[in-house]
Amino acid sequence: MHPFHAKLALVTAAVAALLAPLSSAPAAAAASAAPALHMAGVPSVRRDLPEPPPADVVRKELGELTVAAPHPMTGYSRSKFPHWITQYGTCDTREVVLARDGQDVIQDEQCRAASGTWYSAYAGKVSTRPSTEVDIDHVVPLANGWRSGADEWTTAKRRQFANDLTNPQLIAVSASSNRQKGDQSPDQWAPPLHSYWCTYARAWTHVKYVYELNITAPEKSTLDEMLDTCPA
């Protein structure tokens, strides 16, 4: 190789080495900011549920909620709360919660939970069949939300409420406990597992506070009693 060409090659290689970290930095930053995608056949990493505020904060939130009679169910439909929307890739809200709340969850190439273990905090029941034994519960049910003021919301806000992964609104529980609960408020139904009442009351109250939903007088009284079960 001609000496000049050899020197040029060395200079070019040195410049490329210096620029490489700079050019790869944005890509690395973007990768770290993106949600962790599922991988077929690989157990998902369990993450914590959104933690509701402590009891003393929630009591203040409870005191600020509007007490009112339930709105009529006229015009209600679950379709007015578009849920299980796509969160990223092929993962919808249901699959994201299943992966978050389960232990050793393995998803297929479509992000569907193929296996794992789910502990239902409502009744202390363990399930292993996500398609038939596990439901994703809206802590504040969609119909209850409608009766509490969501009937006046836009579809976009109802979609947010039905797919909220930020606040303690979604939890994987046994299908049987979810169906026993239905759309009932805490004065009508409470988790059979008494030790979960504190968390349940904190979550329910905080979701209603965040979304500025109403409560009924019996609902407020029961929530106050359930918060009494929280550690001092």
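**Close-up views of a predicted model**

View 1. The buried residues of the helix are Thr93, Arg94, Glu95, Val96, Val97, Leu98, Ala99, Arg100 and Asp101. At the start of H3, Asp92 places a side-chain oxygen within 3.2 Å of the backbone nitrogen of Arg94.

**View 2. Trp118 and its surroundings.** Trp118 belongs to strand S4, which covers residues 113-120, and with a relative accessible area of 2% Trp118 is buried. Its side chain reaches the backbone oxygen of Leu98 at 2.9 Å, and Leu98 is one of the buried residues of H3. When neighbours within four places in sequence are left aside, the residues in contact with Trp118 include Leu98, Asp101, Gly102, Val105, Lys125, Pro130 and Ala172. Between Trp118 and Arg100, which stand 18 residues apart in sequence, the C-alpha to C-alpha distance is 10.0 Å.

**View 3. Trp84 in a loop.** Trp84 is found in the loop that runs between helix H2 (55-64) and strand S1 (86-88). The phi angle of Trp84 is near 60°, a positive value in a residue other than glycine. Trp84 counts as partly exposed because its relative accessibility is 25%, and partly exposed denotes the range between under 20% for buried and over 50% for exposed.

**View 4. Asp104 in strand S3.** Asp104 lies in strand S3, made up of residues 103-107, and its phi is near 55°, a positive value in a residue other than glycine. With a relative accessible area of 52%, Asp104 is exposed.

Terms used. Residues numbered from 1 in each chain as written. Predicted model: local features only at pLDDT ≥ 70, side-chain atom pairs only at ≥ 80, totals over all residues. Heavy atoms only, no water. Buried < 20%, exposed > 50% of the residue type's maximum accessible area, 1.4 Å probe, protein only. Helix = DSSP H or I, 4+ residues; strand = E, 2+ residues; numbered from the N terminus. Polar contact = N/O pair within 3.5 Å; in protein donor to acceptor, adjacent residues only side chain to side chain. Contact = heavy atoms within 4.5 Å.
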